[in-house]
Amino acid sequence: MKILKDMFAVFFPEVCLCCKEYLGTNESVICLTCRHDLPITNFSFEENNLIEKSFYGRIPLEKATSLFYFFKKGNVQHLIHELKYNKQQQVGTLIGDWLGEQLIESNRFKTVDCIIPVPLHPKKLKKRGYNQVTTFGESLAKNLEIPYYEDILIRVSSTNTQTKKMRFDRWKNVQELFHVQNNFTLENKHILLIDDVITTGATLEACYDALNKTKNLKISIACMAYTK
């Protein structure tokens, strides 16, 4: 098997998703140079970080973090675009492993019991074929050695794209989009709610509102990237 893999690599070498240079033997998805240039937040180690502050007065989170800062036309945007629209699901695995290592090292998320992803609407899921945060969440769960529940938080209605809407319009547009089924599974638990990018936080707030109907539930947030 290794011989076949090595032969395949000779004729079809992998390239970095950021700079398009050929990857070295010990490199995966992105090269070491591009990896070192990515804008890390270090929020996993920081109490009262920018994400946690952004939700003050809105929802009472336990903790919140993201691995990267998100900048328009930056490499993080490019990686997440590749993940969402070009089926490069190994990006989610890479980010999940990376952030998972941070969460273990920081010790701030040690009481988390399970991971819940922000769901896609069934029509969008069918069209895309996958939820872009699935491999991210599965990798986090594997690193933290906790369950990943993909079928508890359900999206019950669809919205138009959120990208160019103002904050208040976005907030109105996500109200009552989500439903929790089998919520007894989450009773007395501390969950980690995950998504790809935090912009206004309106979608996460709507998810929180749906989940918070569960008895004695604590909620933290982890995302791939945070937009300042």
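The model is predicted, so local features are described only at pLDDT of at least 70 and side-chain atom pairs only at pLDDT 80 or more, while totals for chains, interfaces and linings use all residues. Residues are numbered from 1 along each chain as its sequence is written, and side-chain values use heavy atoms, with hydrogens and water left out.

## The overall picture

The protein has 9 helices and 6 strands. These are DSSP runs numbered from the N terminus: helices are H or I with at least four residues, strands are E with at least two. Of the 228 residues, 48% count as buried. Here buried means under 20% relative accessible area, exposed means over 50%, and partly exposed is in between, with a 1.4 Å probe and protein chains only.

The protein exposes about 12,800 Å², and carbon and sulfur atoms supply 52% of that area. Areas come from the Shrake-Rupley method with a 1.4 Å probe; for residues, only the protein chains shown count as cover. Among contacts between residues at least 6 apart in sequence, 76% join residues at least 24 apart. A contact means heavy atoms within 4.5 Å.

## The sheet and its helices

Four strands form an open sheet in the order β1-β6-β5-β2, with parallel pairing. β1 and β2 (114–117) are at the edges with a single partner strand each, so one side of each has no neighbour in the sheet. From one strand to the next, the twist averages 20°. Strands count as paired if DSSP finds at least two bridges between them, and β1 and β6 are joined in the parallel sense by 6 bridges. Along this pairing, Tyr 69 has Tyr 226 in β6 as its bridge partner, and Phe 70 stands opposite Thr 227 in β6.

Although β1 is an edge strand, 7 of its 7 residues are buried. Helix α4 (residues 75–85) lies across β1, β5 (190–198) and β6, at about 105° to β1. Helix α5 lies across β1, β5 and β6 too, running at about 130° to β1. The axes behind these angles are lines fitted to C-alpha atoms, for helices over the stretch in contact, and angles run from 0 to 180 degrees between N-to-C directions.

Helix α7 (residues 134–144) is mostly covered, with 8 of its 11 residues buried. Among them are Phe 136, Leu 140 and Leu 144. The cover over the buried residues of α7 includes α4, α5, β2, β5 and β6. After α7 comes Glu 145, whose phi is positive, near 60°.

## Aromatic rings

Rings of Phe, Tyr and Trp (its six-membered ring) pair if their centres lie within 6.5 Å; planes under 30 degrees apart count as stacked, over 60 as edge-to-face and the rest as tilted.

| Pair | Centre to centre | Angle between planes | Type |
|---|---|---|---|
| Phe 43 and Tyr 226 | 5.9 Å | 65° | edge-to-face |
| Phe 68 and Trp 98 | 5.4 Å | 90° | edge-to-face |

Phe 68 in strand β1 (residues 64–70) and Trp 98 in helix α5 (residues 90–106) are 30 residues apart, and both are buried. Phe 43 and Tyr 226 are buried as well. Ring pairs link Phe 43, Tyr 69, Phe 71 and Tyr 226 into a cluster.

Arg 35 lies over the face of Trp 98, 3.9 Å from the ring centre, and Lys 228 lies over the face of Tyr 69, at 4.5 Å. A charge sits over a ring if NZ of Lys or CZ of Arg is within 6 Å of the ring centre and within 35 degrees of the ring normal.

## Residues to look up

Gln 102 lies in helix α5 and is buried, with a relative accessible area of 7%. Leaving aside residues up to four places away in sequence, Gln 102 touches Ile 40, Asn 42, Ser 44, Phe 45 and Leu 67.

Most residues other than glycine have a negative phi. Asn 42 has a positive phi of about 65°; this residue sits in the loop between α2 and α3 and is partly exposed at 40% relative accessibility. Asn 182 has a positive phi of about 55°, lies in the loop between β4 (178–180) and β5, and is partly exposed at 44%.
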